Amino acid sequence: MNFTGGPASNQRHIPPSPRIRPALPRRTVATLASDIGSSEPRIPALLACPECDLLQRVPADRGWGAIACCRCGATLCRRIPRALDTTLALMIAAAVVFAVANVFPVMSLDMQGRHNEATLLGMARALHQAGMTIVAMLVALTVIVMPGLEILAMLWLLVPLKLGVAPEGLQIVSRTLAAVRPWAMVEVFTLAALVSIGRLGNLAELHLGVAFWAMGALMFLFALVDTMFDEHVLWQHVAELREGREP
Amino acid sequence: MTAMAAARGLLSCRVCGEVNRAAVRGASAGVHGASAVVHCARCGSPLHARKPDSMRRTVAFLAAAYVLYLPANLLPILETGELGGPPRSDTIMSGVVTLWTGGWWPLAVVILIASIFIPFAKLGVLTWLVISVRRGSAARLRGRTRLYRLVDVIGKWSMVDIYVGALLVGLVRFEPLASVSPGPAAIAFGAVVVLTMLASQSFDPRLLWDAAEARRG
C-alpha cells in the first residue's frame, strides 16, 4: 500500500467533467442537464474497507459494477452509470406498488360459503386481536413501516437532487435510510406467502390477491436498488453540488 | 506493515464513506462525556474507529438470544382448532414434520432452513467470532470475515415462520369450523430473530483483523 497523505483533499476538487457537445445544431441535441450527477459515476478515490479497514485506492478507469475490497472481498462501493437516476425511477415505481400492496388483500380463503381475506395491516391486526401485540408490531414494522420509510427516505433524497438542489435534512435522512434498510423484509414476506399457499391450499379454496403480486414486484424493485444504490455516490454528488454553488 | 485506516489516524465514515483524518478534524469535535467525538467533515455523522462497545453489545444480544432460543423451539408456535377434532398445537419442529409427512417436502425444507438452521448457525457463528477476537486468533481471517457477512445477510430470512403464522392467523378465521391462533413461542422466536440481527449488526468484523494485527505485533 503506497499511501501518501492528503486523502480527504485530493478527491474534493475534481473539476466537473466537460459535457459532451456533439457537432449538431443545438436545438436537436437532447440535454444531459436533468441527470442526477454526471453520467459518469463518481466514486471516492480513497476508501477504507468497512469490514477489514484496509485503506485502498480505487482505480478510476475500471468498468462498471461493485468494487470489492482486495483483501476481504467486501463491497467498497458501486460504480454504476446513472445509478441515482435509475434508483429514483425504481423508487417511484416502488411507491406506487407499495400503496397497492397496502390497500388490497394478499390472499383470501373460501370455506363452506364463508369468505375471509387478509391485507398486510389486517394480518397484523389479527395477531394483535389474538393477544400477540408484540409480534403484530414486529410484522407491521418489517413489512409496512420499514419498507415505507425506505421508499420515503429515498424519494426525499433523490427528488431534490433530480431538481438540482441539496435535500433538506440530508444527514438525518441518510442515516435513517441506512438504519432502516436491513429491517425491510419484503422478500422474506414474499417467500412466506408462497409457503402459506402450500399450507392452506389443501385446507380450503385459496385465492391470491393483488397485494401478493404487488409484494412480489416490490421485492424485485428493492433487489434492483440494492444492486446499484450507494450512499458514497450520493454524498459525492451532494459534495460536488455544494462546491459548485458556494464558491 | 499495516495499511489499516485506523492505524494511520484515519477514520472512515459509516454513513457517507468519506475518509477523515482523526487529528485534523479535531476542531469540529464535540465532547460526549470523557471522550471527544469527531464528526465527519462531509456529512457530520459521528466517527468511530470501530463500532462503539462492539464486543459488549454483541455478547449481550447473543446472551439474550440464547435464553430465548429454548422457549422458541420448545413451546407451541401455532395452535390450530378444527370442528370435531381436538385442538392441536405445533412447535416449529413439529410443523416441519407435519409439512414433510403431508407431502409438502419443499416447504418443509424451506422452514427447516429458515427457522431451525439459520438461527442456530447465527448463534454459533457469532459466538465463535466473538471468542476468536478474544483469543486474538490470526487464522483464516478472510474466511471468518466472509462468514460474518453471510450471517449478516441471511439473518432476516428466519422471519419466514413468523409471517406464515401471521398469514394463517389472519386468514383462517372460520370459528367454529377452523381457526388458527399464535402460540407463545411466536414472541420468543421473533425476539430471537431480532436479537441475533442486532448482535450481528453490532459486531465489528474489523476487530478480527485488529486482533490478528496485534498478535503479529
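Visitor: What makes two residues count as touching in this predicted model?

Guide: Two residues are in contact if their C-beta atoms, placed from the backbone, lie within 7 Å. By that rule B:Val96 touches B:Ala108, B:Ile111 and B:Leu112, not counting residues up to four places away in sequence.

Visitor: Where is B:Val96?

Guide: B:Val96 sits in helix α2 (residues 92-101) of chain B.

Visitor: Why is B:Val96 called buried?

Guide: The cut-off for buried is 20 or more other C-beta atoms within 10 Å. B:Val96 has 23, so B:Val96 is buried.

Visitor: What separates B:Val96 from B:Val15?

Guide: Along the chain, 81 residues.

Visitor: How is chain B divided?

Guide: Chain B has domain 1 (6-47) and domain 2 (54-216). The C-alpha centres of these domains of chain B lie 36 Å apart.

Visitor: What makes β8(B) and β9(B) a pair?

Guide: Pairing needs at least two bridges between the strands. Two bridges join β8(B) to strand β9 (residues 178-182) of chain B, so they pair. They run antiparallel. B:Arg173 has B:Ser179 in β9(B) as its bridge partner.

Visitor: Which sheet order includes these strands?

Guide: The order is β7-β6-β9-β8 (chain B), an open sheet of four strands with antiparallel pairing.

Visitor: Why are β7 and β8 of chain B said to stand at the edges?

Guide: β7 (88-90) and β8 (173-174) of chain B each have a single partner strand, so one side of each is left without a neighbour in the sheet.

Visitor: What holds paired strands together in general?

Guide: Strands of a sheet pair through backbone hydrogen bonds.

Visitor: How do you know that β3 and β4 of chain A pair?

Guide: At least two bridges are needed. Strand β3 (residues 65-68) of chain A and β4(A) have four bridges, so they pair, in the antiparallel sense. The bridge partner of A:Ala68 in β4(A) is A:Thr75. Their hairpin has six residues between the strands, and A:Gly73 there takes a positive phi near 85°.

Visitor: Why is β4(A) called largely enclosed?

Guide: Four of the five residues of strand β4 (residues 75-79) of chain A are buried, so β4(A) is largely enclosed by the rest of the structure.

Visitor: What is the count for chain A as a whole?

Guide: Of the 247 residues of chain A, 37% count as buried. Its secondary structure comes to eight helices and seven strands.

Visitor: How many residues does each chain bring to the contact between A and B?

Guide: Chain A brings 58 residues and chain B brings 56 residues. On the side of chain A that touches chain B, helix α6 (residues 186-201) of chain A gives the largest share, 10 residues. By class, that side of chain A has 42 nonpolar, 10 polar and six charged residues.

Visitor: What confidence does the predictor give?

Guide: The complex has an ipTM of 0.89 and a pTM of 0.85. In chain B the mean pLDDT is 86, with 92% of residues at 70 or more.

Visitor: Where in chain B is confidence lowest, and where highest?

Guide: Lowest is strand β3 (residues 30-32) of chain B, at a mean of 41. Highest is helix α1 (residues 54-74) of chain B, at 95. Over residues 24-34 of chain B the pLDDT is below 50.

Visitor: What follows from a low pLDDT?

Guide: Where pLDDT is low, the predicted coordinates should not be read in detail.

Terms used:
Residues are numbered from 1 along each chain as its sequence is written. Chains are lettered from A and ligands numbered from 1 in the order in which they are written. This is a predicted model: local features need pLDDT of at least 70, side-chain atom pairs count only at pLDDT 80 or more; totals for chains, interfaces and linings use all residues. Ala, Val, Leu, Ile, Met, Phe, Trp, Tyr, Cys and Pro count as nonpolar, Asp, Glu, Lys and Arg as charged, and the others, Gly among them, as polar. pLDDT is the predictor's confidence in each residue, from 0 to 100. A residue is buried if 20 or more other C-beta atoms lie within 10 Å of its own, exposed if 12 or fewer, and partly exposed in between; C-beta atoms are placed from the backbone. Domain bounds come from an automatic or database domain assignment.
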